[in-house]
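This briefing is meant to be read with the sequence and the coordinates side by side. Please have both open before going through the points below.

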Amino acid sequence: MSQPSATAPLTDDAALVERFLVASMIPDPETAGTFMSADVDITFTGGRKFKHPRDATAFNAMRYKWVKKKMERTDVAPGDGETVVYNTGTLYGEWHDGTTFEGNRYVDRFVVRDGKIVKMDVWNDSAERILVRMDIEA
């Protein structure tokens with residue numbers, strides 16, 4: 001009889017995060033929310049705090065006409081009773097004025113515990129790109 005792989009939970013947690021991200025990109029915040037704990041801690045760029053994916057979807061709707069992720073890599077790090085999952089890649093989409101963009105780097109960091117996302121941190125270059133669009137060098 002074969003023994004379960006020690007990497008199986010890590011692979012499961014990475015797949016959970018990727019399924020969450022796919023639902024988020026539809027966007028389907030209600031389905032995305034099923035991958036998160038009821039008391040999830042979501043922090044977006046600029047330190048914006050949210051309690052449900054629908055809040056993040058509403059924020060993104062203010063910033064972008066639409067936005068998607070080109071997921072390039074998912075890395076996992078085991079912890080004591082939890083897994084940290086990093087998903088990195090680039091954003092592409094359209095600003096509200098109809099201008100398209102691509103290649104906007106992002107890093108999403110998740111903490112997964114007992115099969116649910118309990119913490120999500122989001123960083124990307126959108127603010128830098130907005131400054132460039134406004135001809136502001138900072």
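The notes that follow take up confidence, the sheet, the aromatic side chains and some backbone details in turn.

The model is predicted, and the protein averages a pLDDT of 92, with 92% of the residues scoring at least 70. Its sheet is open and is formed by 6 strands in the order E2-E1-E6-E5-E4-E3, with mixed pairing.

**Confidence**

- Over residues 1–5 the pLDDT stays under 50, and the model has 0 contacts beyond four places in sequence for this stretch.
- Where pLDDT is low, the predicted coordinates should not be read in detail.

**The sheet and the helix packed on it**

- Strands of a sheet pair through backbone hydrogen bonds, in either a parallel or an antiparallel sense.
- With the strands in the order E2-E1-E6-E5-E4-E3, the edges are taken by strand E2 (48–50) and strand E3 (66–78), each of which pairs on one side only.
- Neighbouring strands of this sheet are turned against each other by 20° on average, direction ignored.
- Strand E3 runs antiparallel to strand E4 (residues 83–94), to which 12 bridges join it, and within this pairing Thr-74 has Asn-87 in E4 as its bridge partner.
- Helix H4 (residues 126–133) packs on the sheet, where it touches E4, strand E5 (100–113) and strand E6 (116–124), and the direction of H4 makes about 160° with that of E5.
- Strand E1 (residues 36–44) pairs with E6 in the parallel sense over 4 bridges, and here the bridge partner of Met-36 is Ile-117 in E6.
- On E2, by contrast, the pairing with E1 is antiparallel and comprises 3 bridges, with Phe-44 having Arg-48 in E2 as its bridge partner.
- E1 and E2 form a hairpin with 3 residues between them, and Gly-46 in the turn has a positive phi of about 75°.

**Aromatic side chains**

- The count of aromatic pairs comes to 8; in one of them, the rings of Phe-44 and Phe-59 have their centres 5.9 Å apart and their planes at 85°, so the pair is edge-to-face.
- This pair links distant parts of the chain, since Phe-44 is in strand E1 and Phe-59 is in helix H3 (residues 53–63), 15 residues apart.
- Phe-44 is buried because its relative accessible area of 9% falls under the 20% limit, and Phe-59, at 9% relative accessibility, likewise counts as buried.
- Phe-44 and Phe-59 also belong, together with Phe-50, to one aromatic cluster.
- Trp-95 and Phe-101 form a tilted aromatic pair, 4.6 Å from centre to centre and with 35° between the planes; Trp-95 is buried at 6% relative accessibility, and Phe-101 is buried at 8%.
- Lys-69 lies over the face of Tyr-106, at 4.2 Å from the ring centre.

**Backbone details**

- Most residues other than glycine have a negative phi, and most peptide bonds are trans.
- A cis peptide bond, with omega of about -10°, joins Ile-26 and Pro-27, and Pro-27 lies in the loop between helix H1 (8–25) and helix H2 (29–33).
- Asp-114 is not a glycine, yet has a positive phi of about 55°; Asp-114 is found in the loop between E5 and E6 and is exposed, with a relative accessible area of 76%.
- Asp-135, also not a glycine, has a positive phi of about 60°; Asp-135 is placed in the segment after H4 and counts as exposed at 73% relative accessibility.

Key. Residues numbered from 1 in each chain as written. Predicted model: local features only at pLDDT ≥ 70, side-chain atom pairs only at ≥ 80, totals over all residues. Heavy atoms only, no water. Pairing = 2+ DSSP bridges. Helix = DSSP H or I, 4+ residues; strand = E, 2+ residues; numbered from the N terminus. Axes fitted to C-alpha atoms, helices over the stretch in contact; angles between N-to-C directions. Contact = heavy atoms within 4.5 Å. pLDDT = per-residue confidence, 0-100. Phe/Tyr/Trp six-rings, centres within 6.5 Å; stacked < 30°, edge-to-face > 60°. Buried < 20%, exposed > 50% of the residue type's maximum accessible area, 1.4 Å probe, protein only. Lys NZ or Arg CZ within 6 Å of the ring centre and 35° of its normal.
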